[in-house]
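The following exercises are intended for a reader who is new to this structure.

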Amino acid sequence: MFVGDGIDRTIVTGNRNVLDRSTTFRSATFGVSGDGFCALDMTFENTAGPGKHQAVALRVGSDRSVFYRCSFRGYQDTLLLQSQRQFYRECHIYGTIDFIFGNAAVVLQSCDIYVRRPMEHQANTVTAQARDDPNEETGISVHASLVRAAPDLLGLEGRFRNYLGRPWNRYARTVFMKTEMEGLVDPKGWTEWRGDFAVRTLFYGEYMNSGAGARTGKRVGWPGFHVLRDAEEAWPFTVEGFIKGGSWIPETGVLFTAGL
């Protein structure tokens, strides 16, 4: 367990990045692999900047890991959800391209997701989930959270395209539920990786979201995109339904909502 003095008061910082000959995996400022890791009240950041491309702030491959009241700051590839079951509560996540990515089974609950200003020729994508087998019980579930512009993007939202995600692998799975989306989110919601790759095999879902960016009338028409219509369809992506959090989160003392 790592316990800090608060977001932006206790900071783990680094600037490794792909352009300076790191790999995406090794660029991580902080990496976790031991099971049952917990971090409270601190910040993990990668200060390489948007011009350095892939630069990870936090990489997590820890089963039953919990992050509470933490902040993750970067641009491209900020938070690498590498593998296993993970839970994030009341965290702040900053980035530009694919900044929440990987192939873990993850629930982000009551989190603030801040979209930053990218380079001029870039578009922002919040998620890039990497499930490559339909039998894998992995995916990204964003529940009761907020997608908003970071301070450096305020007033410039219309200058850049901002999407909820794109499919890194063929069976990418990402769901936003009961989340407020500010108007910066593009009406189509999601964007392609390349051509029509994965648009039939992915699973992207939205359920009871709110805000100017949450309207689903102009969303992508892909076979893999779904507007979830009732609680029964949404429940599998809750803390209990998706990561069986009721059996391991309570021992950390961290608040959580098991269902919708």
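**Exercise 1. Locate serine 22, determine whether it is buried or exposed, and name residues that it touches.**

Solution. The model is predicted.
Step 1: Serine 22 is found in the loop that runs between β2 and β3 (30–32).
Step 2: The relative accessibility of serine 22 is 16%. Buried means under 20% relative accessible area, so serine 22 counts as buried.
Step 3: When residues up to four places away in sequence are not counted, serine 22 touches Arg16, Asn17 and Ser27.

**Exercise 2. State the strand order of the open sheet that includes β2, and explain why β2 and β20 stand at its edges.**

Solution. 
Step 1: The open sheet is formed by seven strands with parallel pairing, and their order is β2-β5-β8-β11-β14-β17-β20.
Step 2: β2 (11–14) and β20 (180–181) each have a single partner strand, so one side of each has no neighbour in the sheet.
Step 3: The partner strand β5 (residues 43–46) pairs with β2 in the parallel sense over four bridges. Within this pairing, threonine 13 has glutamate 45 in β5 as its bridge partner.

**Exercise 3. Describe how strand β12 is covered and with which strands it pairs.**

Solution. 
Step 1: β12 (residues 97–102) is mostly covered, since six of its six residues are buried.
Step 2: Strand β9 (residues 79–81) pairs with β12 in the parallel sense over three bridges. Here leucine 79 stands opposite isoleucine 100 in β12.
Step 3: Strand β15 (residues 124–129) also pairs with β12 in the parallel sense, over four bridges. In this case isoleucine 97 stands opposite threonine 125 in β15.

**Exercise 4. Classify the aromatic pair of phenylalanine 72 and tyrosine 88, and state which parts of the chain the pair ties together.**

Solution. 
Step 1: A pair of aromatic rings is described by the distance of the centres and the angle of the planes.
Step 2: The structure holds 18 aromatic pairs. In the pair of phenylalanine 72 and tyrosine 88, the distance is 5.8 Å centre to centre and the angle between the planes is 80°. Planes over 60 degrees apart count as edge-to-face, and this pair is therefore edge-to-face.
Step 3: Phenylalanine 72 belongs to strand β8 (residues 71–73) and tyrosine 88 to strand β10 (residues 85–89), so the pair ties together parts 16 residues apart in sequence.
Step 4: Phenylalanine 72 and tyrosine 88 are both buried.

**Exercise 5. Classify the pair of phenylalanine 87 and phenylalanine 256, and determine the accessibility of each residue.**

Solution. 
Step 1: The ring centres of phenylalanine 87 and phenylalanine 256 are 6.4 Å apart and the planes stand at 80°, so the pair is edge-to-face.
Step 2: Phenylalanine 87 lies in strand β10, and phenylalanine 256 lies in the segment after α2 (239–243). The pair links distant parts of the chain, 169 residues apart.
Step 3: Phenylalanine 87 has a relative accessible area of 0% and is buried, whereas phenylalanine 256, at 26% relative accessibility, counts as partly exposed.

**Exercise 6. Which aromatic rings have arginine 59 and arginine 166 over their faces?**

Solution. 
Step 1: Arginine 59 lies over the face of phenylalanine 25, at 3.8 Å from the ring centre.
Step 2: Arginine 166 lies over the face of tryptophan 193, at 4.1 Å from the ring centre.

Notes. Residues numbered from 1 in each chain as written. Predicted model: local features only at pLDDT ≥ 70, side-chain atom pairs only at ≥ 80, totals over all residues. Heavy atoms only, no water. Pairing = 2+ DSSP bridges. Helix = DSSP H or I, 4+ residues; strand = E, 2+ residues; numbered from the N terminus. Phe/Tyr/Trp six-rings, centres within 6.5 Å; stacked < 30°, edge-to-face > 60°. Buried < 20%, exposed > 50% of the residue type's maximum accessible area, 1.4 Å probe, protein only. Lys NZ or Arg CZ within 6 Å of the ring centre and 35° of its normal. Contact = heavy atoms within 4.5 Å.
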